[in-house]
Structures are given as structure tokens and as C-alpha cells.
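Hello,

Here is the structure I promised to pass on to you. Have a look at it first, and then read my notes below.

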Amino acid sequence: MFSPITFPASQLPDWFRAVHDVLPFRPARDLLRAGLVSGGQGVNWPDLVVLPAWCLVGLAVSVRALVRRS
């Protein structure tokens with residue numbers, strides 16, 4: 001269900017690294033690690049903005065699809 005990152009983000013081009021930062025994969029990974037590992041780096045506030053924003057987008061798309069079907 002949760003696929004690990006198989007290569008470092010530093011190998012990505014700069015423009016793709018910027019896109020990667022607003023996709024939900026890195027923030028989900030960082031928040032999962034912060035919750036599981038004690039004494040780690042802690043919670044990063046931008047991750048707490050990006051991940052719920054994606055959740056809201058997914059919820060809006062799902063509700064729209066359900067309303068459209070009825």
C-alpha cells in the first residue's frame with residue numbers, strides 16, 4: 001500500500017523536485033516517519049498544509065462524482 005522512495009529526490013531535475021514537494025507523497029512519508037520515530041525531526045508545518053489540502057481535493061472530486069451520478 002505504501003511504496004518506499006527508491007532513489008533520492010536530489011537526482012530529480014529542479015522543476016520536478018518543486019512539483020514533488022506539493023504532491024502528497026513526500027509530506028505523507030515525512031508525517032508518517034515523524035509519528036513513528038521518537039526523537040526524530042518532528043512535524044514539518046508545510047506537510048500539515050499540503051496533505052490536508054490533497055485530502056480536501058480528493059473529497060471534493062469524490063462528492064462531485066457522486067452528485068453527478070444521481
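Let me begin with a term you will need further down: a patch is made of residues with over 30% relative accessible area and no salt bridge, where like charges are joined within 9 Å and nonpolar side chains (Val, Leu, Ile, Met, Phe, Trp, Tyr) within 5 Å. A salt bridge, in turn, is a side-chain nitrogen of Lys or Arg within 4 Å of a carboxyl oxygen of Asp or Glu. Accessible areas come from the Shrake-Rupley method with a 1.4 Å probe, and for residues only the protein chains shown count as cover.

Please keep in mind that this is a predicted model, in which local features need pLDDT of at least 70 and side-chain atom pairs count only at pLDDT 80 or more, while totals for chains, interfaces and linings use all residues. Residues are numbered from 1 along each chain as its sequence is written, and side-chain values use heavy atoms, leaving out hydrogens and water.

Now the overall picture. The protein chain has three helices and zero strands (DSSP runs numbered from the N terminus: H or I of at least four residues for helices, E of at least two for strands). Of its 70 residues, 10% are buried (under 20% relative accessible area, with exposed meaning over 50% and partly exposed in between, using a 1.4 Å probe and protein chains only). The chain exposes about 5900 Å², and carbon and sulfur atoms supply 68% of that area.

Asp30 sits in helix H2, residues 25-36, and counts as buried because its relative accessibility is 11%. Leaving aside residues up to four places away in sequence, Asp30 touches Gln41 and Asp47 (contact means heavy atoms within 4.5 Å).

The loop between H2 and helix H3 (45-69) holds Asn44, which is partly exposed at 37% relative accessibility. Its C-alpha atom is 8.4 Å from that of Pro27, although the two are 17 residues apart along the chain.

How many aromatic pairs does a search of the whole structure find? There is one. The ring centres of Trp15 and Phe16 are 5.4 Å apart and their planes are at 85°, so this pair is edge-to-face (centres within 6.5 Å, using the six-membered ring of Trp; planes under 30 degrees apart are stacked, over 60 edge-to-face, the rest tilted). Trp15 is exposed at 61%, and Phe16 is partly exposed at 32%.

Finally, Leu56, Leu59, Val63 and Val67 form a nonpolar surface patch with about 390 Å² of accessible area together. Val67 belongs to helix H3 and is exposed, at 59%.

Happy exploring!
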